[in-house]
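The following exercises are meant to be worked through with the sequence and the coordinates side by side.

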Amino acid sequence: MLPSAVDLFDVERLQLAEEEEPRLSPSDEAARDRVWEKAVRANPALFDGPVVACAGLEHTGLRVLRLAWVRVTYRHYALRRVPGATALPSLFVNVLQPTDDGRVVVARMSSSTAAPGRWQLPGGSVEPPQAGEGLVESDLAGQAARELFEELGLDTGAEVLKLWALTRGENGSVGLTYRAPVLSEPAVRAAFAAAAAERAQGREPELDEIALLGSPRELEYLAGPHADYLGLLVGRFTDQLER
């Protein structure tokens, strides 16, 4: 496995606890808004929708992690570009989709996204529940299944997705990786092509290409950047196959 600056946690169960968003000083709030508005002018596709941030992460047992979460909007992450300010880490779900020949499906973000050209696992930011409701692990699995369907066209039920790993990488961002059941390469490519054809009738899709990797070293053959966790997770998957 290639060296990585990303932390990797084995996890089988999450304990989720909601916390309040930290208060900002008036100057930090104003600076945040200026950075966000500048980003929107550069990319009008950006949307200040509700999202979940991570407020803390700690072990409470063997393969059990307590994850504290906070309701914010995407604007919150503009604080990363405000000198002296602190942004909470983002929280996202993604899916490791294996194929029956021992490879992993990776996908490239389209030009309209916040990370154009970046290769990653299919997934997205965690959305908060309705006001007054709590966040439970089955919600996270459900969001991962929805991302898999929307991005790859694979209609995999949340009940068959297994929480497989947790990563903590750039800006402290926390990723929950779910493993999907094995599929054939033709089945994956057919689903993605069908989904792409449907999306062509509407807005630009988040993903514009997929590839299959059998080793983290194959990342060098993909044109463009890749998510910081990608090599680590592909390597973990292939290492497990060899055992």
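A salt bridge, as the term is used in these exercises, is a side-chain nitrogen of Lys or Arg within 4 Å of a carboxyl oxygen of Asp or Glu. The model is a predicted one, and every value below is computed from it.

**Exercise 1. Salt bridges across the chain**

Task: Determine how many salt bridges the whole structure holds, and work out where in the chain the partners Asp10 and Arg236 are found.

Solution. A search of the whole structure returns 14 salt bridges. One of these joins the side chains of Asp10 and Arg236, with a distance of 2.2 Å from N to O. Asp10 sits in the loop between strand S1 (7-9) and strand S2 (13-18), while Arg236 belongs to helix H4 (residues 230-242), so that this pair links distant parts of the chain, 226 residues apart. For the burial of the two partners, recall that a residue is called buried when its relative accessible area is under 20%. Arg236, at 12% relative accessibility, is therefore buried, whereas Asp10 is partly exposed because its relative accessible area is 38%.

The side chains of Glu18 and Arg71 form another salt bridge, at 2.6 Å from N to O. This pair too links distant parts of the chain, with Glu18 in strand S2 and Arg71 in strand S4 (residues 64-73), 53 residues apart. Glu18 counts as partly exposed at 41% relative accessibility, and Arg71 is partly exposed with a relative accessible area of 23%.

**Exercise 2. The surroundings of Thr99**

Task: Locate Thr99, decide whether it is buried or exposed, and follow its polar contact to a salt bridge.

Solution. Thr99 lies in the loop that runs between strand S5 (91-96) and strand S6 (104-109). Its relative accessible area is 3%, and Thr99 is therefore buried. When its neighbours within four places in sequence are left aside, Thr99 is in contact with Val105, Val182, Leu183, Ser184, Glu185, Val188 and Leu212.

The next step goes through the side chain of Thr99, which is joined to that of Asp101 by a polar contact of 2.5 Å. The side chain of Asp101 in turn meets that of Arg103 in a salt bridge of 2.9 Å, N to O. Asp101 is partly exposed at 42% relative accessibility, and Arg103 is partly exposed as well, with a relative accessible area of 23%.

**Exercise 3. The nonpolar cores**

Task: Identify the members of the largest nonpolar core that touch the most other members, and list the contacts of Leu176 beyond its sequence neighbours.

Solution. The largest nonpolar core has 36 residues, and those touching the most other members are Leu14, Leu67, Leu140, Leu152, Leu166, Leu176 and Tyr178. Helix H2 (residues 137-152) supplies the largest share of this core, namely six residues. Setting aside neighbours within four places in sequence, Leu176 is in contact with Leu14, Leu67, Leu91, Phe92, Val93, Asn94, Leu140, Leu163, Ala165 and Leu166. Another core, of 20 residues, lies apart from the largest one and includes Val6, Val106, Trp119 and Trp164. As general background, nonpolar side chains in soluble globular proteins tend to be buried together.

Helix H2 is also the place of Phe149, but Phe149 counts as partly exposed because its relative accessibility is 45%. Beyond its neighbours within four places in sequence, Phe149 is in contact with Leu154 and Asp155.

**Exercise 4. The chain as a whole**

Task: Compare the radius of gyration of the protein chain with that of a compact globule of 243 residues, and describe the chain's overall dimensions.

Solution. For 243 residues, a compact globule would have a radius of gyration near 18 Å, and the protein chain has 18 Å, which agrees. The C-alpha trace spans about 55 × 45 × 35 Å along its principal axes, and the chain has four helices and 11 strands. Of its 243 residues, 45% are buried. Among contacts between residues at least 6 apart in sequence, 70% join residues at least 24 apart. Finally, the accessible surface of the chain comes to about 12,300 Å², and 50% of this belongs to carbon and sulfur atoms.

Conventions: Residues are numbered from 1 along each chain as its sequence is written. This is a predicted model: local features need pLDDT of at least 70, side-chain atom pairs count only at pLDDT 80 or more; totals for chains, interfaces and linings use all residues. Side-chain values use heavy atoms; hydrogens and water are left out. A nonpolar core is a set of buried Ala, Val, Leu, Ile, Met, Phe, Trp, Tyr and Cys residues joined through side-chain atoms within 4.5 Å. Buried means under 20% relative accessible area, exposed over 50%, partly exposed in between (1.4 Å probe, protein chains only). Helices (H or I, at least four residues) and strands (E, at least two) are DSSP runs, numbered from the N terminus. Contact means heavy atoms within 4.5 Å. A polar contact is a pair of N or O atoms within 3.5 Å; within protein, one must be able to donate a hydrogen and the other to accept it, and residues adjacent in sequence count only if both atoms are side-chain atoms. The radius of gyration is taken over C-alpha atoms; the globule rule is 2.2 Å times the number of residues to the power 0.38. Accessible areas come from the Shrake-Rupley method with a 1.4 Å probe; for residues, only the protein chains shown count as cover.
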